[in-house]
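Here are a few notes to read alongside the structure, written for someone opening it for the first time. Have it on screen and follow the points in order.

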Amino acid sequence: MSKVGLTFKGGIHPPHFKGQTEHKAIEAAPVPKVVVIPLVQHIGAPCEALVSKGDQVKVGQKIGESKGFVSAPIHASVSGKVVKIEARPTPSGSRINSIIIETDGEQTIDESVKPRGSLDSLSPNDIKAIIKDSGITGMGGAGFPTHVKLSPPQEKNIDIVIINGAECEPYLTSDHRIMLEMPEKVLFGTKAVMKVLGVKKGIIGIEANKPDAIETMKKAAENEPEIEVVQLQTKYPQGGEKSLIYAVTKREVPSGGLPMDVGAVVQNIGTVVAISDAIQIGMPVVERVVTITGSAVKEPKNLMVKIGTSFRDVIEYCGGYSEHPAKLINGGPMMGIAQYSDDVPVIKGTSGILILNEDDAKTPEASNCIRCAKCVDICPSGLQPLTISKFSLLGKFEEAEAFNAMDCIECGSCSFVCPSKRPLVDSIRIAKKEILAKRKK
Amino acid sequence: MENKMIASSSPHIRSTDTTTSVMLDVLIALIPALIASMYYFGFKAMLVVALSVGSAVGTEAAIQKLTKKRVTINDLSAVVTGLLLAFNLPVSVPWWIPVIGSAVAIAIGKQVFGGLGNNFINPALAGRAFLVASWPVEMTFWTTPGALTDTIAAATPLAMLKTSSPALSPLSDVFLGRIPGCLGETSAILLLLGGAYLIYKKVISWRIPGTYIATVAIIALITNGFDFTGMAYHVFGGGLMIGAIFMATDYSSSPVTPKGKIIFGIGAGVLTMLIRLYSSSAEGVSYSILFMNVATPLIEKYTAPRVFGTGGVKK
């Protein structure tokens, strides 16, 4: 069953680990006493705070304004009082200037939050402006500002919008639950994106291990002649942008290029739902669905969490830790970022909080590369990870570049399959950084 | 919980495959042929295997201890080398042949280059080549399976084929392994069984053994005037099966690229038949593989897989 469907070349079949939460409906997490809202939650320029200490804020109120084009504004997720603005640790690993709000529990909605009208009544530019103003960024994890993706240069002829419902990361079920519980929002957001781009073809791709989501979305899209729901093979990294575009269209995003080079724009399920809320309710991104799961949390759940809620509060609502949390991850196990502390806030890109016990978190010891070629066989980018890694570890970054290190999408499949447990993707990441640094010089 | 969390970089999950599990699979695949060698050549076969494996593991541990490296005999790679070398010896060899052969295989074939994964030639074949060059008589004294004494020399099917001897073993014996030859190379059918297991477990790909065996078969068919029986002797009668399935697929001395594996297999097949047909030797598998081992870096250089997104824009 899971082998049926569209796919790409290469890839791996990690265990799904989705059973803990895939049948659990999305619950609203309680409003925490304090939220910490970082002024950068996206790829791009940081925001400038629009409020200062002592100010009262309401839900949906803009509290951080973006300065550059590649940036996205920040909104208050709670009503209450700004108590501090200072640098705080974030799930991205760096300390970022954050607005700290003490909640009043009222959740008073800001006056600016009101429905923006139907899709018919809005022009493509209106929709794009709403998206930009609502602080919408890629909710799959990378956090690229959505309005930028929706502003391709004139010469790029976009003819297809692909909605990423693959959710190929093990453990995560937030997109799965969204598709089951709010398919109309997914469709509305998809149509909004299509309208912005003037595209007549929308495709929602879902991995075969979510048959109920495929069925629900197909039913919801019955009367949408321009939107098709397709089944994808269950294989990692099926939800990688390039893999997904290839699976659906058989077009290869050129090396070093962008999806728009092959006429495609990809949006995540969570992102189109945020677009739907921004238009239909007028509510900017102030909350998101997060899967809290893993071997060291008492009650795994899918929660609707206010942006800025600390991991600790979220985990507490899930019954707390069931045993010593040896590893705490923002995102999924393949590409997520391990945290030093649970005192970091949920941000727009937090699709999951994965808590692993000692056994699951153990980092295996690396041994000699045996040249088994498993990494070559599965690399979705057609690279030879063992060779790039070898050169990177020797500090020979020019050779690493000659073996196309820059084409690595950092999916981590090579490290996953390696029987010698070598740090393949880690060393390739280092090579990429060094190569980029050199190019900038 | 403070300060006790692991903050390593992604991915945070790994497959259950390990170097040891891979080597164990190779050993499992060799078990049927091992049992056959004991059945055909008796207790002496077991002794040769034990000495060879013991020497390989011992040499690896000793060198790693002496050079103050992590002792990695638990990865079972030395066991595989020892077993493969034993499989490449006649049963009649004196006890010190497997001992010296395995020690040379591990010391010079493997550890000198940095250990597992760094050897550019197959260690077992390096050991065998050393033995054949040093003690050619002991290394080519063949015994008929089931013979009560091992003092009577017999000829292998390929040698008989070469000299057009009328005493050529029947093909059914060749297929089952009831023929004179090295310990583990004789039973084609059991070696194929092991190969099927390795391909099924994705330890090896079909590319090297498939193209190697096919190339030998095609050349043998043509040079034998399209006589399938003659071809069958070439394919099943010598060291091709063990060579193609277990020796040529040695990870570290064969290409990692899919196209490279195909070139490697075809090259080894052509060389094997050139040696068998035009040299004084009846057998040619081990030298062909060694030659291709040396050519591997060059093959890899020209067979890199196509990088995604470099096929020209298709829209």
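1. Start with helix α7 of chain A, residues 269-280: in this predicted model it lies across β9, β10 and β12 of chain A. Its direction is at about 80° to that of β12(A).

2. Four strands make up an open sheet in chain A, in the order β11-β10-β9-β12, and the pairing is parallel. The edge places go to β11 (227-232) and β12 (264-268) of chain A; each has a single partner strand, so one side of each is left without a neighbour in the sheet. From one strand to the next, the twist averages 25°.

3. Which strand pairs with β12(A) over five bridges? That's β9 of chain A, residues 160-165, and the two run in the parallel sense.

4. Finally, have a look at some antiparallel pairing. Strand β3 (residues 47-49) and strand β5 (residues 62-66) of chain A pair that way over three bridges, with Cys47(A) partnered by Ser66(A) in β5(A). β5(A) also runs antiparallel to β6 of chain A, residues 74-75, and two bridges join them. Here Gly64(A) has Ile74(A), in β6(A), as its bridge partner.

Key:
Residues numbered from 1 in each chain as written. Chains lettered and ligands numbered in written order. Predicted model: local features only at pLDDT ≥ 70, side-chain atom pairs only at ≥ 80, totals over all residues. Heavy atoms only, no water. Pairing = 2+ DSSP bridges. Axes fitted to C-alpha atoms, helices over the stretch in contact; angles between N-to-C directions. Contact = heavy atoms within 4.5 Å.
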